[in-house]
Amino acid sequence: RGLAGPDSASSEISNLSGSYQNFKATLSALIKNFSLENEQLLKQTQDLTTAIETRNDQTAQFVSLLSHDMRTTLTLVKGYSKALLSRPDADEETREKFLTEIVEGAQDLERISSDILDSAYEAQSVPKLHIEEVDAAAFAGKLFENSRRYILEAGYLFDGVCEVDHGQLSIDSVKISRVWNNLLNDAVKYSKAGNVIRVDLRTLNRGEGSAGECRIEDHGIGI
């Protein structure tokens with residue numbers, strides 16, 4: 001075969017150089033696209049990880065809230081159930097009272113759990129209060145008696161008064177009960193064995209009207 005002339009060799013070198021430059025540009029574009037896609041994938045992974053961690057935190061907070069709010073009522077239900085089992089010879093009136101308290105406790109648990117679920121939903125919208133007219137004496141009397149039983153059941157000394165004998169309350173009774181139970185639970189949780197926990201429920205006369213005062217006093221670390 002004959003040898004290629006200088007012009008032919010130069011043309012091939014030029015073509016090879018052009019191909020190399022095109023290949024280099026294509027490879028550079030591929031690497032750039034790969035780098036961009038990798039950054040996007042990394043960001044999506046980080047966002048997904050953050051979302052999972054946030055949801056885990058929210059779930060843990062929800063479970064903690066649920067258990068904290070229901071603990072007092074569960075303890076009361078357990079206390080009445082144990083009293084009923086330990087007194088098989090109790091008279092009919094006592095048995096009926098204990099059973100009524102157990103049923104009402106179960107109803108309270110149902111209302112509290114529904115309220116907590118509503119609160120979890122309302123956290124993402126506009127919180128709502130379910131206001132109702134409640135007999136002040138009956139509501140205060142139930143809080144007082146449940147508090148007394150809960151404190152004694154937990155092994156602490158109980159003291160207090162309930163001086164609410166008239167009037168109506170316009171309140172969200174479920175949320176008020178949740179707040180009260182949380183205070184009561186914390187009073188027990190942070191008190192030392194044998195401490196006195198005092199509960200005061202009173203009607204205060206203020207000018208033309210009256211107001212209710214609900215107070216729990218303990219010797220714990222304070223809020």
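**Exercise 1.** Which residues form a negative surface patch?

*Solution.* The model is a predicted one. In it, Asp-91, Glu-92, Glu-93 and Glu-96 make up a negative surface patch. Next, take Glu-93 and locate it in the chain: Glu-93 belongs to helix H2, which covers residues 92-122. Finally, consider its accessibility. Exposed means over 50% relative accessible area; Glu-93 has 65% relative accessibility and therefore counts as exposed.

**Exercise 2.** Determine how many aromatic pairs there are, and describe the pair of Tyr-80 and Phe-98.

*Solution.* The count comes to two aromatic pairs. Tyr-80 and Phe-98 form a tilted pair, with 5.7 Å centre to centre and 55° between the planes. This pair links distant parts of the chain, since Tyr-80 is in helix H1 (residues 6-86) and Phe-98 is in helix H2, 18 residues apart. For the accessibility step, buried means under 20% relative accessible area. Tyr-80, at 1% relative accessibility, therefore counts as buried. Phe-98, at 7% relative accessibility, also counts as buried.

**Exercise 3.** Describe the aromatic pair of Phe-144 and Phe-158.

*Solution.* The rings of Phe-144 and Phe-158 are 5.4 Å apart, centre to centre, with 75° between the planes, and the pair is edge-to-face. Phe-144 lies in helix H3 (residues 136-153) and Phe-158 in strand S2 (residues 157-163), so the pair ties together parts 14 residues apart in sequence. Phe-144 has a relative accessible area of 14% and is therefore buried.

Conventions:
Residues numbered from 1 in each chain as written. Predicted model: local features only at pLDDT ≥ 70, side-chain atom pairs only at ≥ 80, totals over all residues. Heavy atoms only, no water. Patch = residues over 30% accessible without salt bridge, like charges linked within 9 Å, V, L, I, M, F, W, Y side chains within 5 Å. Areas by Shrake-Rupley, 256 points an atom, 1.4 Å probe, with all protein chains shown as cover. Salt bridge = Lys/Arg side-chain N within 4 Å of Asp/Glu carboxyl O. Lys, Arg positive; Asp, Glu negative; His and termini not counted. Charge placed at Lys NZ, Arg CZ, Asp CG, Glu CD. Helix = DSSP H or I, 4+ residues; strand = E, 2+ residues; numbered from the N terminus. Buried < 20%, exposed > 50% of the residue type's maximum accessible area, 1.4 Å probe, protein only. Phe/Tyr/Trp six-rings, centres within 6.5 Å; stacked < 30°, edge-to-face > 60°.
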